[in-house]
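Let's take a walk through this one together. Have the sequence and the 3D view open, and we'll go from chain to chain.

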Amino acid sequence: MDKYVAKNSDQTAHRIVDGEAVVVNLKDSTFQTLNSVGTFIWQQADGRTSVKEIIQRVCQEFEVDPDTADKDCSEFIGELANKGLLVLSPHPLEGG
Amino acid sequence: MVTGNRNSLTLSIGGISTVISSESEEFMAQTKERYAKFFADGLDPALKIELEVLAPENVQRSPISFGESPEVSLDRSKGGSTIAWHGLSGKFDSRTGEGKLRCPLSPASLNSFLRFVYSLVLVKEPGFLVHASSLIRNGKGYVFPGESGAGKTTIAQLSPDSTLLTDDISLVKIVNGEFTAFGTPFWGALAIGGENISAPITGVYFPIKDRKNCLKRLKPKQALERLLPHVVFFAKDNEFSKQLFMLCCDFVTKVPGYELYFLPQSSFWRCVDSG
């Protein structure tokens, strides 16, 4: 089932530096730097865009084949969600 | 300066003045000696810290540890931003700027508490503390962040033509739109406090001991990755942490960052100057 993705704004702070995102997890004071693809995904995570839509946009933007994009993006989004940086929901979310 | 039966003195660190008071004359005598370069009597203090010196038998009974990594709790619901630090049994209310500290007879206790207090109040300035040595050379500020053993003190020792701001904890603050380094009494292995002066920061250099002198320019993101682990901040509070993070982002965007590979010789300055 497709899910909507939002930044976990209560628990994170981020800034785009040199065109790439640096995300701080305020809960444990760790930070994560994202590459250009990760930054693109991070920017799309607005609560109104689903995982499938994000994968489609990644394919268009970076000329990646759909299977690879599906696998890599799903893993990446799942990883950030596990760390509490992103929130996944079956319904559109406010903010993000 | 004596107020009633209580000794007090005013310090100015990073342009923020703090009045320290205690009934223990012995403690105040130690404090006056340690902070001599940072006296600012006559200034209207922004912060007030009251000290109670614990008798040795009370220190021994205390279950509280005196480590370098204090546990900090922050309760905004009780009198605003009141922080209780369970290390030296200190409290600081960032709304009123007043703090109380119960500690053994040691200026190091006050030093730890001051680092804690300044890490909080600086964010509003805005500014921050960072594990770094810093120097002024030809009117320019140089900051060298790093963990223990990275070379902070070595850099300070190899810089006779410079004025020491600190060899351990640097104070960075925006003054007139410029990131500026201030001297601090927070010293490391040198055991010498910095001068109480400041200068706009011309660069941030991450020292790496090597067999050659070499300067490598960092992109702001790379500098941020290297800077963040060294920023001093005790309070686990989302709003404070966000402000501090954004400030660090501004810092690496405005101040050039470098990796400084250096020999234990003052010749590394030629490399820095050429950068």
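What follows is a short tour of the two chains, their contact and a few single residues.

Keep in mind as you look around that this is a predicted model.

Let's begin with chain A, where three strands make an open sheet in the order S5-S1-S6, with antiparallel pairing. Strand S5 (46-50) and strand S6 (86-89) of chain A sit at the edges with a single partner strand each, so one side of each has no neighbour in the sheet. On average, neighbouring strands here are turned by 25° against each other, direction ignored.

| Strand pair | Bridges | Direction | One bridge pair |
|---|---|---|---|
| S1(A) and S6(A) | four | antiparallel | Val5(A) with Leu88(A) |
| S1(A) and S5(A) | three | antiparallel | Ala6(A) with Asp46(A) |

Strand S1 of chain A covers residues 4-7. A helix goes with this sheet, too: helix H3 (residues 66-82) of chain A lies across S1 and S6 of chain A, and it runs at about 110° to S6(A).

**A residue in a loop**

Staying in chain A, look for Asp28(A), which is in the loop between S3 and S4 of chain A. Is Asp28(A) buried or exposed? It has 11 other C-beta atoms within 10 Å, and a residue with 12 or fewer is taken as exposed, so Asp28(A) is exposed. Gln11(A) is 17 residues from Asp28(A) along the chain, and their C-alpha atoms are separated by 9.3 Å.

**Where the chains meet**

Next, the place where the two chains touch. How many residues of each chain are in contact with the other? On the chain A side there are 11, and they are in contact with 13 residues of chain B. Strand S2 (12-17), strand S3 (20-25) and strand S4 (30-33) of chain A are the elements that give two or more residues to the chain A side. Sorted by class, that side has six nonpolar, two polar and three charged residues.

Now over to chain B, which has seven helices and 17 strands. Of its 275 residues, 44% are buried. If you take the contacts in chain B with a separation of 6 or more, 63% of them are between residues 24 or more positions apart.

Chain B is divided into domain 1 (2-124) and domain 2 (127-274). Their contact takes 20 residues from domain 1 of chain B and 22 residues from domain 2 of chain B. On the domain 1 side, the elements giving two or more residues are strand S2 (6-13), strand S5 (72-75) and H3 of chain B. H3(B) gives the most to that side, with eight residues. By class, the domain 1 side has 12 nonpolar, five polar and three charged residues.

The largest nonpolar core has 95 residues, and the members that touch the most others are Phe128(B), Val172(B), Leu224(B), Leu244(B) and Cys248(B). Helix H3 (residues 107-124) of chain B turns up again here: it gives the most to this core, with nine residues. Why does the core lie between domain 1 and domain 2 of chain B? Both domains give residues to it, so it lies between them.

Leaving aside neighbours within four places in sequence, Phe128(B) is in contact with Leu122(B), Val123(B), Val172(B), Val231(B), Leu244(B) and Leu247(B).

**A buried serine**

The last stop is Ser133(B), found in strand S9 (residues 127-137) of chain B. It has 31 C-beta neighbours inside 10 Å, and 20 or more is what counts as buried, so Ser133(B) is buried. Not counting residues up to four places away in sequence, Ser133(B) touches several residues, including Phe144(B), Lys152(B), Thr166(B), Asp168(B) and Ser170(B). As for His230(B), it is 97 residues from Ser133(B) in sequence and 11 Å away in space, C-alpha to C-alpha.

How values were computed. Residues are numbered from 1 along each chain as its sequence is written. Chains are lettered from A and ligands numbered from 1 in the order in which they are written. This is a predicted model: local features need pLDDT of at least 70, side-chain atom pairs count only at pLDDT 80 or more; totals for chains, interfaces and linings use all residues. A nonpolar core is a set of buried Ala, Val, Leu, Ile, Met, Phe, Trp, Tyr and Cys residues joined through C-beta atoms within 7 Å. Domain bounds come from an automatic or database domain assignment. Two residues are in contact if their C-beta atoms, placed from the backbone, lie within 7 Å. Two strands pair if DSSP finds at least two bridges between them. Axes are lines fitted to C-alpha atoms, for helices over the stretch in contact, and angles run from 0 to 180 degrees between N-to-C directions. Ala, Val, Leu, Ile, Met, Phe, Trp, Tyr, Cys and Pro count as nonpolar, Asp, Glu, Lys and Arg as charged, and the others, Gly among them, as polar.
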